[in-house]
Amino acid sequence: GGDTRLLIGERNVIREGVTINTGTEVGGGFTRIGNDNILMANAHVAHDCVLGNRVILANNVMLAGHVRVHDGAILNGGAGVHHFTTIGSLAYVGGLSRITRDVPPFTIVEGHPSRVRGLNLIGLKRARFPEATVRALKEAYRLLYRSDRPARDAIARLKVDFASVPEVQEL
């Protein structure tokens, strides 16, 4: 009986069997779907989720409550996302993945449980990211995920060395 809403933007494709729940009073009161998204057959968007723009949820993707999916993310068939999780911009989630932690932007994540496998270079190319930005993201990825450096130290270095690259700061 509370004042809760479902806000759906423009030019979305919502296929058969998709379920989308309204928000809850406790969770802010709304579920929001941005623009130009594709929600394929039997996808589920639970209460208080927020989807950005140009997001693809393939068949049978399940988003638990309070999930945030940023612009351009792709979640492949059967992926399940735990509540209060964030999927970063242009992230690519492999099919049947179990997502229990935030997915960094611009990365490929897959598995059960999931883990970061690499940068989403195809997504970056399709989105026409400048080559200099892609090079910076590659270096940041290597530092964060392929070096022996503690994460805290790697992040501190990235904040200084790539202060002028917003995409690295987002990562």
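Okay, a definition to begin with: buried means under 20% relative accessible area, exposed means over 50%, and partly exposed is in between, with a 1.4 Å probe and protein chains only. By that rule Leu-6 is partly exposed, because its relative accessible area is 32%.

Before I go on, some housekeeping. This is a predicted model, and local features need pLDDT of at least 70, side-chain atom pairs count only at pLDDT 80 or more, while totals for chains, interfaces and linings use all residues. Residues are numbered from 1 along each chain as its sequence is written, and side-chain values use heavy atoms, with hydrogens and water left out.

Back to Leu-6. You'll find Leu-6 in strand E1, residues 5–8. When I say strand or helix, I mean DSSP runs numbered from the N terminus: helices are H or I with at least four residues, strands are E with at least two.

Now, salt bridges. My cut-off is a side-chain nitrogen of Lys or Arg within 4 Å of a carboxyl oxygen of Asp or Glu. How many salt bridges does the structure hold? Six. One of them pairs Arg-5 with Asp-3, with 3.2 Å between the closest N and O atoms. Arg-5 is partly exposed at 45% relative accessibility, while Asp-3 is exposed at 56%. Then there's Glu-10 with Arg-11, at 3.1 Å, N to O. Glu-10 comes out exposed at 52%, and Arg-11 is exposed too, at 55%. Those two also belong to a salt-bridge network with Asp-36. Another one to click on is Glu-110 with Arg-117, where the closest N and O atoms are 3.0 Å apart. Here Glu-110 is partly exposed at 31%, and Arg-117 is partly exposed at 35%.

On to the backbone. Most residues other than glycine have a negative phi, and most peptide bonds are trans. So here are some exceptions. The peptide bond joining His-112 and Pro-113 is cis, with omega about 5°. Pro-113 sits in the loop between E16 and strand E17 (114–119). Arg-54 isn't a glycine, yet its phi is positive, about 60°; look for Arg-54 in the loop between strand E7 (50–51) and strand E8 (56–57). Phe-84 also has a positive phi, near 60°, and lies in the loop between strand E12 (80–81) and strand E13 (86–87).

Is Phe-84 buried or exposed? Exposed, with a relative accessible area of 57%. Thr-85, in the loop between E12 and E13 as well, is buried at 2%. A polar atom of the Thr-85 side chain is 2.7 Å from the backbone oxygen of His-82. Skipping neighbours within four places in sequence, Thr-85 is in contact with residues including His-66, Val-67, Ile-99 and Asp-102. Contact here means heavy atoms within 4.5 Å.

Next, the rings. Phe, Tyr and Trp rings (for Trp, the six-membered one) pair if their centres lie within 6.5 Å; planes under 30 degrees apart are stacked, over 60 edge-to-face, and the rest tilted. That gives two aromatic pairs. One of them is Phe-106 with Phe-129, edge-to-face, 5.7 Å centre to centre and 70° between the planes. Phe-106 is in the loop between strand E15 (98–99) and strand E16 (107–111), and Phe-129 is in the loop between helix H1 (121–126) and helix H2 (131–146), so the pair ties together parts 23 residues apart in sequence. Phe-106 counts as buried at 2% relative accessibility.

Last stop, Glu-170, in helix H4, residues 166–170. Glu-170 is partly exposed, at 41%. Which residues does Glu-170 touch, not counting those up to four places away in sequence? Ser-89, Pro-105 and Phe-106. With Ser-89 there's a side-chain polar contact of 2.9 Å. A polar contact is a pair of N or O atoms within 3.5 Å; within protein, one must be able to donate a hydrogen and the other to accept it, and residues adjacent in sequence count only if both atoms are side-chain atoms. Finally, Glu-170 and Pro-104 are 66 residues apart in sequence, but 8.5 Å apart in space, C-alpha to C-alpha.
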